[in-house]
Amino acid sequence: MATLGDICVSAVINIITAFGFLLAFALLRIQPINDRVYFSKWYMIGARGSPTRSGNLVAKFVNLNLKTYLTFLNWMPQTLQMKEPEIIQHAGLDSAAFLRIYILGLRIFGPTAIVAFLVLIPVNVSGGMLFFLSKDLVISDIDKLSISNVQPKSPKFFAHIFMMYLFTFWACYMLYKEYDMVASMRLNFLASKSRRAEQFTVLVRNVPRVPDQSVSNTVSCFFKKNHSTHYLCHQTVYNANKYARAVRKRQKLQNKLVYIQHKFERQPNKRPTRKTGLLGLWGEKVDSIEYYQQKIKELDEKLTMEHEKALKDPKRIMPAAFVSLNSRWGAAVCAQTQQSKNPILWLTEWAPEPRDVYWKSLPFVSLSIRKLVMSLALFALVFFYIIPIAFVQSLANLEGLEKVVPFLRPIIEWSFIKSFLQGFLPGLALKIFLWLLPGILMTMSKLEGHVAFSVLERSTAAKYYFFMLVNVFLGSIVTGTAIQQLHSFLHQSPTEIPRTIGVSIPMKATFFITYIMIDGWAGMAGEILRLKPLILFHLKNMVLVKTKRDRLKAMKPKGIDFPEAIPSLQLYFLMGAVYAVVTPILLPFILVFFAFAYFVYRHQVINVYNQRYESAAAFWPHVHHRIIASLLIAQLLLLGLLSTKKAISYTPLLVVLPILTLTFHKFCKSRFEPAFRKYPLEEAVEKDTQDDVSEDDTEMKSYLCEAYLHPVLRSVEEFELFELGIDNNRAPIPSKPVPVSGSHSPEQVAPKIQQHLEVVVEQHKCVYTHRNKMLALNVDVSHHN
């Protein structure tokens, strides 16, 4: 078990690592060569251009302005300057709501830590229980600060019961205020948005097959009959995934051709050649330009056939459609009511915004059998990971292993190695074992057939949280206790085992402290450094970047990793809730994490992350539910600990607390959750009335009919922008006539792709000029001058 010295060694290692990362970030961010990595958000919205390049070759890569090195830490106050309304305008409500989770953690655990240190620490220290058990159990000085040190049947347990009540009431009060605030922010955000496709559109699934009638005609007849005054148009869903793969192949060939042509223009005396074999390594030598032109011509013929097949083949037409209505009120009624007497047909739900649609999950069906299979696979994965979790716990409890396996003792006799193994390595090993998990869980969610990226990420987050709860938290406690107290288990009577477990569980706080320092301190510093994206960007620039399209792909920033970030964050709420009363010494480490992580993610949201979609904080009910679950787990754990402490006569005082917590949860669910699941008809009528006065409906129908067509079927150019993560400002419904791109063939638009990509940033400057003020306030551009 990690001792106080081991914790200090781990703290020193992690603080030095975090400081090194922050110092490296502060220096790397002001170098011109790294500008696209650390300010990628501003590049994507067109509010920032490449640093001015002077004639000096060194200045193209290194910042030679010495003044900026004197103020290289000014990014810290700049990160806090942007107000929340500006963050919502700049990055969206999802990002702003995500940042509020960290503020919520500070508000809950800050006052709790103060009270716990004033009340519980003196009570626990004066208990003296572990002095009599030191010969039987593996203990450390930190354990004397926990509930384990209190004597059985002691009246001091009233202090812990009182603290649990106080913590629960305070946490529920803060949760209520935050839920109310986020729900209001969501409603205001939706009310402030101009007309958008998703406000007028519903997704219809399980369209019945009618003999001698197409899916399109079936949908049209049904909605003209049942929504005659509000039905506007619809877009049948086509399975264009095969066509999209062929278009991607053509894009790669076109990109190679553009590069070779540019190379030939620079060296007209040397005609480029290549071999026709695999990767151009062998075979007949041919002219490269003619070779790629011929390949593109052959592929264009196949694309034309595949395009026709995607639109006309009955097997490619899915029993689903995006139906648009002429008012928000009509869409709200359609999305929130049962359409047919057969409840499994004509299923309607709000359509996600066009950017949020996950086209690869066609035919938009979440089959029950798929969910069942994925649930079974998740349980198998959880139990499989018990093995590496047990291995990690064996590293954290070397003394327990020494008593069972004495030959290990000489290996770890050196105090520094022992401190490193127990204070740093377990948390690092656990972090490594969890590295591949989000990708596996995302694949499982995709196999379930969800309709939108936001739903995919929430499903993955739910799986990841379940895994973290079972394996990282409960698994670490159970396996760690078994390994740590193995000698005691083998040499005591069975009636004493519950007492040993009750004493040992609070002692696992030392392992979680090391994990917090690895993941929450050094890990957060690594997040802002972005070492992996930095290295990959420069490697791509050296090896892969040959055209403007390649550069955009290399720079393409990700958004907040909700499937991993939110469950990991909820694990900290779980650890804080459980150990706030059991072992309060853990709370300061959690508070440091919340404060530091809020600071880091605020910087990343402003300068780096580019969200793929906007769900208007639809994930918040899940955050609330899991924090409530953390409170219940903490209450039940304390109830069990009091039973092992022979204080069962006190437990009736605690039994009522879970009931009160569940009642509070039910109240919040009925009070606030409808704002995240439904759209008020009153609000819909009000917005429709405003539109009748201020908006022009000239292009509304033509726009809505095309908004939910697969991007590759609209045009190759549109699909190119979609693949690069560029919104192209398609989401708002235009209020005046605009040209419609249509479903052009690849050969018609291919010559325009490269030209469009070269000017797309300039186009975005016109759209986002209102953000220049934020750029001036929040981004250091002094090295551009």
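Two strands pair if DSSP finds at least two bridges between them; strands (E, at least two residues) and helices (H or I, at least four residues) are DSSP runs, numbered from the N terminus. This is a predicted model, in which local features need pLDDT of at least 70, side-chain atom pairs count only at pLDDT 80 or more, and totals for chains, interfaces and linings use all residues. Residues are numbered from 1 along each chain as its sequence is written, and side-chain values use heavy atoms, without hydrogens and water.

**View A. Strands β1 and β5 run antiparallel.** Four bridges join β1 (residues 201-205) to β5 (residues 317-325). Val202 stands opposite Val323 in β5.

**View B. Four strands form an open sheet.** Their order is β2-β5-β1-β6, and the pairing is antiparallel. β2 (231-238) and β6 (347-350) each have a single partner strand, so one side of each edge strand lacks a neighbour in the sheet. On average, neighbouring strands are turned by 30° against each other, direction ignored.

**View C. Helix α13 packs on the sheet.** Helix α13 (residues 328-335) touches β1, β5 and β6, contact meaning heavy atoms within 4.5 Å. The direction of α13 makes about 130° with that of β6; axes are lines fitted to C-alpha atoms, for helices over the stretch in contact, and angles run from 0 to 180 degrees between N-to-C directions.

**View D. Helix α27 is mostly covered.** Of its 21 residues, 18 are buried, that is, under 20% relative accessible area (1.4 Å probe, protein chains only).

Terms used
Buried means under 20% relative accessible area, exposed over 50%, partly exposed in between (1.4 Å probe, protein chains only).
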